[in-house]
Structures are given as C-alpha cells and as structure tokens.
Amino acid sequence: MTGTVKIALRQPIERRSAQTGKVVDSVAELLLRPLKLGDLVAAMDAAGEGGKGTMTLHLAARCCGVGAAELAELGIEDGMEVMDAVAGFIPAGLRTGTAGST
C-alpha cells in the first residue's frame, strides 16, 4: 500500500490533563502515512526480541502520530482496523519472512 489510510475511530482517543484529569483533546480519526525504514527500525528496537505485536503497535504509532500507549487503549474493532492498515504498508516478504531467492 502506498497511499495514506484514514480510519474513523468508533471510540475517540481522549487525552487528559495530568493535573486535572479533564479531557483536553480528542482524536476521532487517524491518518496513517506509509511506513519508512526508520519506523520499522524504531519499532523493532521498542519491541525487543519476539515482540511482534509491540512492534506493530509502535509502527502504527509512528505512522499516525499518536502515542503507542494511546493506541493500546483503542477498542478491539478500532485496534484491528489500525493493525490491518499497518500490515498493508508492509511488503509481503517482510510479513511472511521470506528472504527471497538465494
């Protein structure tokens, strides 16, 4: 996938003030841009060994500009839509683990 993907969230992300706890911002839609190599490297570093779910979460966070902790709080339907969109940006060889012909 080469273009951006827009996802309207069923349950918006609410950002709250650390001092008051009041909602100061609400994110109702995510605009995911195509991934860059730096996104993959940073997500792999953040995930550590065997952390594919964490890696995908960090990729999503980097390509839509929302924190990974905020994305982790999405409902399962919104979360799966985001994860599917991110997977669409990843080339097939990286998704399947094929290294190509030798």
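These questions and answers go through a predicted model of one protein. Residues are numbered from 1 along each chain as its sequence is written, and side-chain values use heavy atoms, leaving out hydrogens and water. In this predicted model, local features need pLDDT of at least 70 and side-chain atom pairs count only at pLDDT 80 or more, while totals for chains, interfaces and linings use all residues.

Q: In what order do the elements of the protein run from the N terminus on?
A: Helices (H or I, at least four residues) and strands (E, at least two) are DSSP runs, numbered from the N terminus. The protein has five helices and two strands. From the N terminus on, the order is β-β-α-α-α-α-α.

Q: How many bridges join strand β1 to strand β2?
A: Two strands pair if DSSP finds at least two bridges between them. Strand β1 covers residues 5-16 and strand β2 residues 23-32, and they run antiparallel. E14 stands opposite S26 in β2. The number of bridges joining β1 to β2 is eight.

Q: Which residue in the turn of the hairpin has a positive phi?
A: The hairpin is formed by β1 and β2, with six residues between them. A phi of about 80° belongs to the turn residue G21.

Q: Why is α2 described as roughly perpendicular to α4?
A: Axes are lines fitted to C-alpha atoms, for helices over the stretch in contact, and angles run from 0 to 180 degrees between N-to-C directions. The axes of α2 (residues 52-64) and α4 (residues 76-89) come within 10 Å and cross at roughly 85°. Angles of 65 to 115 degrees count as roughly perpendicular (under 35 is roughly parallel, over 145 roughly antiparallel, the rest oblique). Therefore α2 is, relative to α4, roughly perpendicular.

Q: Which residues of α4 make the contact with α2?
A: Contact means heavy atoms within 4.5 Å. On the α2 side, the contact is made by G53, T56, L57, L59, A60 and C63. On the α4 side are V82, M83 and V86.

Q: Is K36 buried or exposed?
A: K36 is found in the loop between β2 and α1 (37-47). Buried means under 20% relative accessible area, exposed over 50%, partly exposed in between (1.4 Å probe, protein chains only). Because its relative accessibility is 55%, K36 counts as exposed.

Q: Which residues does M55 touch, not counting residues up to four places away in sequence?
A: M55 lies in helix α2. M55 and D39 are 16 residues apart in sequence, and their C-alpha atoms are 9.6 Å apart. The residues that M55 touches are L40, A43, M44 and A47.
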